[in-house]
Amino acid sequence: MMERIIIDTDPGVDDAMAILLAVKAADRLKIEALTTVDGNVGIRQVTDNALSVLELCGADHIPVYRGADRPLGKDVAYSDDFHGSDGLGGVNIRPERLKTMEEPAVDYLVRAAAEHPGELTLVLLGPMTNAALAVRKDPGFAQNIRRLVVMGGAEHGGNMSPVAEFNFFHDPQAASEVFQAGFKEIVMVGLDATGKVYMTPAMRELLYLIGTPISRFIHKITRRYTDRRWEINRVMGCQLCDPLVAGYLIDPGILTLEDAHVEIETQGRCEGMSVVYRTKRYPELQANCKIAVDTDSRRFFDVFYLTQFPEYRTEINAMLDREFR
């Protein structure tokens, strides 16, 4: 079944990889639009990055709508230490052909959902500011969306504080409002799941050797991303947070989901924390989402590589067999 999706994004190294993967899965995903949001870096840069990535992969037909330029009632906290000042690891590409649409992202989201009730999946790869503003603008927005698939949150620890993941930390008020808005279905893909999909040095090197413009681009933008992981955690490789969401949309069997009730802390030392109550343990609480509790890493990397570079199937399978033996 073809899933019609809108990708709300703040590119971002891993956002860019997720977009590239989703575009290549045209037999499974129909990307209606990209909407951009202030997050990894500022709104002007992330919007240019979205346009540049679409140009790179020849997806000029996908419109881009510029969204919120700041979180709701909170100071900005960027992630340029991992993503570079340009958001893409210092490659400094600029769009040459594409321009953003004139309609603001929030207006587009409300309009598209109202025109196609129950048909569109909203994929949130960045902070939830646009989604929260859409809920505020149209009380019917949540019910018009088929489902949300969210990269964010964590059940057991954060990356911006001991308890908070970046997207939720960047705009906790928006995350809280979205989780309380009454969407028909929310799938939360948090750090507990994304922590199991690390691109190893061998996986990254194969991208260079494959030698296509896209594989070389991914190899290049992940240099800083990989270096920072080593500097901070002494881990070789890089975590593919947003690409895991794209992989799940292509092949839902990649993730194991459980029903949960999730609340977001909006202030204090635990700001941005996603408090997860799995409802099988807390049956008195009503589930408001499904959380990813496990990841089939090999299955994900099969999707990641073979969807984008199927002509290198033999080399990819040999490399993955070695990495997962």
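**Salt bridges in this model**

Start with Asp-227, which at 31% relative accessibility counts as partly exposed; here buried means under 20% relative accessible area, exposed over 50%, and partly exposed in between, with a 1.4 Å probe and protein chains only. Its partner in a salt bridge is Arg-223, with the closest N and O atoms 2.8 Å apart. By salt bridge I mean a side-chain nitrogen of Lys or Arg within 4 Å of a carboxyl oxygen of Asp or Glu. Arg-223 is partly exposed too, at 40%. Both residues sit in helix 11 (residues 213-233), four residues apart, about one turn of the helix. Helices (H or I, at least four residues) and strands (E, at least two) are DSSP runs, numbered from the N terminus.

A word on the source: this is a predicted model, where local features need pLDDT of at least 70, side-chain atom pairs count only at pLDDT 80 or more, and totals for chains, interfaces and linings use all residues. Residues are numbered from 1 along each chain as its sequence is written, and side-chain values use heavy atoms, leaving out hydrogens and water.

Next, Arg-4 and Glu-32 form a salt bridge at 2.8 Å, N to O. Arg-4 is in strand 1 (residues 3-9) and Glu-32 in strand 2 (residues 29-36), so this pair ties together parts 28 residues apart in sequence. Glu-32 is buried, at 17%, whereas Arg-4 is partly exposed, at 21%.

Last, the total: the count comes to 23 salt bridges.
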